[in-house]
Amino acid sequence: YDLENLPCISDLLSRPKHNVKWNVSAENIQQQFEYVRQNSNWGQFKNNIAFLLKHWPDTISLNMVYSVFSAFDLPETIQTFRSLGIKKFNFQPLYHNQSMNVYRMPEPIRQQALLCLTQAVEFHQNSTHPNDQALYPLQGIDQLKLQLQSNSCSGDTISKQDFWNKITWYDQWSSTKFQDLWPHVSKLVDQHLV
């Protein structure tokens, strides 16, 4: 949507600013964003965020699903969203798509995900004034860390065949393919899944 030109926007703009909160769902940037959020447009998304921040600064929370699609690019993703003006993040694990669940990956893949998660947390903390850190927490991050640090994966480890079958299904909806957008994840999968 072009948020600025929606028919309901004048109504929202007339409301008291403190009565409006925005929970935006996104966990990727650029072409990865467009792949995961089918039929989306990264440029339009950035325009919408700029519009929201212009009218409702500090009211945007970004809801991010933590999965194979987001885990291994998290430092860059957080940096980009911070550069757009977003400071509040809510993380939730993936529940219904076990093929893309990071917790079902073998230990070396989960350790790489934990490293990316740690780097993202460090960047966010270093980018937030110490007095404001309680105002801008990374909600849900502690639970993600605990799951990644667990000695065993949640459920059976996904097989390489099941993973690539699911990716083939996703690829049919996008002109750009998973292996082109996530070559580093493709390499991890090929090295560590059986």
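**Figure 1. Aromatic pairs across the predicted model.** The whole structure contains 19 aromatic pairs, counted where ring centres of Phe, Tyr and Trp (its six-membered ring) lie within 6.5 Å; planes under 30 degrees apart are stacked, over 60 edge-to-face and the rest tilted. This is a predicted model, in which local features need pLDDT of at least 70 and side-chain atom pairs count only at pLDDT 80 or more, while totals for chains, interfaces and linings use all residues. Residues are numbered from 1 along each chain as its sequence is written, and side-chain values use heavy atoms, with hydrogens and water left out.

**Figure 2. The pair Tyr35 and Trp182.** The two rings are edge-to-face, 5.2 Å centre to centre with 75° between the planes. Tyr35 belongs to helix H2 (residues 30–36), and Trp182 to the loop between helix H9 (178–181) and helix H10 (183–192), 147 residues apart. Helices are DSSP runs of H or I, at least four residues, numbered from the N terminus. Both Tyr35 and Trp182 are buried (under 20% relative accessible area, 1.4 Å probe, protein chains only).

**Figure 3. The pair Phe45 and Phe81.** This edge-to-face pair has 6.2 Å centre to centre and 70° between the planes. Phe45 is in helix H3 (residues 42–55) and Phe81 in helix H5 (residues 74–84), so the pair ties together parts 36 residues apart in sequence. Phe45 is buried at 9% relative accessibility, and Phe81 is buried at 0%.

**Figure 4. The ring cluster and a charge over Trp169.** Ring pairs join Tyr35, Phe69, Phe163, Trp164, Trp169, Tyr170, Trp173, Phe178 and Trp182 into a cluster. The charged end of Lys166 sits over the Trp169 ring, 5.0 Å from its centre (criterion: NZ of Lys or CZ of Arg within 6 Å of the ring centre and within 35 degrees of the ring normal).

Technical notes:
Helices (H or I, at least four residues) and strands (E, at least two) are DSSP runs, numbered from the N terminus. Buried means under 20% relative accessible area, exposed over 50%, partly exposed in between (1.4 Å probe, protein chains only).
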